[in-house]
Amino acid sequence: MTYYMFHIPNDEATANFVFFGTIVGYNFVKYDALARAKKEKMKTELKLIALFSFCSLIMIGYYFFQLERITQIVAVVFLAITLLYTLPFFPNRRNARNWAGVKIYIVALCWVGVTIGLPILNAEIPITSDFYLKCIQRFILVFCLVIVFEIIDLSNDDPHLQTVPQQIGVRKTKTLGISLMILFYLLEFLKNGFDQKQLLVNAVLFVLLSFLLLFANENRSRYYTSFWVEGIPVLWWLMVVFI
């Protein structure tokens, strides 16, 4: 999506670095604590996941050294954030994932940095106002996607997490999400020479995500998020390719 929006030629090194980095980062965040808590119960599955992650880690190293120096530095910064998100670095402190009210901002920030920052830096194109607008839009989009998860998981989340719906309630969370999606759409008009095609695509995203927010509740099946919400970025890409 970033390559398309900024007219960047396909950069295999950055794309594959992000791809394999996502696999390792996601598996590390998701299975690190599980591996330590349930070693016997998931022994075989965890071994396969660990092997898959290790192979991906090798590919990360291969593509890392093909990146520009500034891209490497920024990539290491986001690696540190991922580790901070998972591991308790500070004495008597939980990991950042369990810091009150912080999780959603870390997730959105990492998405922005990895999917916009790294490709732009590695392409060595000038940083313009369009870059900052796209960063804000991407942050808003991911933020709104995550709050759907937070509404669905409200009854299961630890109250100390202080997720958005825990802090302001479900109704206000939905209002906040839809308001942010309106801002997401309007920001497109501030771009230099905005793309009418992108306006149509963003309108579809706005409508779909707004409906997902409106109808989100604690009784929805896991496919509500695991399929419909998770599928929005894929649909976004398909619309850009085929519209």
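Reader: What share of the contacts with a separation of 6 or more is between residues 24 or more positions apart?
Author: A contact means heavy atoms within 4.5 Å. Among contacts in the protein chain with a separation of 6 or more, the share from residues 24 or more positions apart is 71%.

Reader: What kind of model is this, and how are residues numbered?
Author: This is a predicted model, in which local features need pLDDT of at least 70, side-chain atom pairs count only at pLDDT 80 or more, and totals for chains, interfaces and linings use all residues. Side-chain values use heavy atoms, with hydrogens and water left out, and residues are numbered along each chain as its sequence is written, from 1.

Reader: How many helices and strands does the protein chain have?
Author: Both are DSSP runs numbered from the N terminus: helices are H or I with at least four residues, strands are E with at least two. Along the sequence the pattern reads α-α-α-α-α-α-α-α-α-α-α. The count is eleven helices and zero strands.

Reader: What percentage of the residues is buried?
Author: Buried means under 20% relative accessible area, with a 1.4 Å probe and protein chains only. The protein chain has 243 residues, and the buried part is 40%.

Reader: Where are Lys-134 and Glu-188 in the chain, and how many residues apart?
Author: Both residues are buried. Lys-134 is in helix H6 (residues 129-152), while Glu-188 is in the loop between helix H8 (170-186) and helix H9 (196-214). The pair links distant parts of the chain, with a separation of 54 residues.

Reader: Which side chain of opposite charge is nearest to Asp-11?
Author: Asp-11 sits in the loop between helix H1 (2-5) and helix H2 (12-37). For charge, Lys and Arg count as positive, Asp and Glu as negative, and His and the chain ends are not counted. Asp-11 is buried without a salt bridge, and the nearest side chain of opposite charge, 14 Å away, is Arg-138.

Reader: With which side chain does the side chain of Asp-11 make a polar contact?
Author: A polar contact is a pair of N or O atoms within 3.5 Å; within protein, one must be able to donate a hydrogen and the other to accept it, and residues adjacent in sequence count only if both atoms are side-chain atoms. Leaving aside neighbours within four places in sequence, Asp-11 is in contact with Tyr-3 and Asn-122. The polar contact, at 2.7 Å, is with the side chain of Asn-122.

Definitions and conventions. Buried < 20%, exposed > 50% of the residue type's maximum accessible area, 1.4 Å probe, protein only. Salt bridge = Lys/Arg side-chain N within 4 Å of Asp/Glu carboxyl O.
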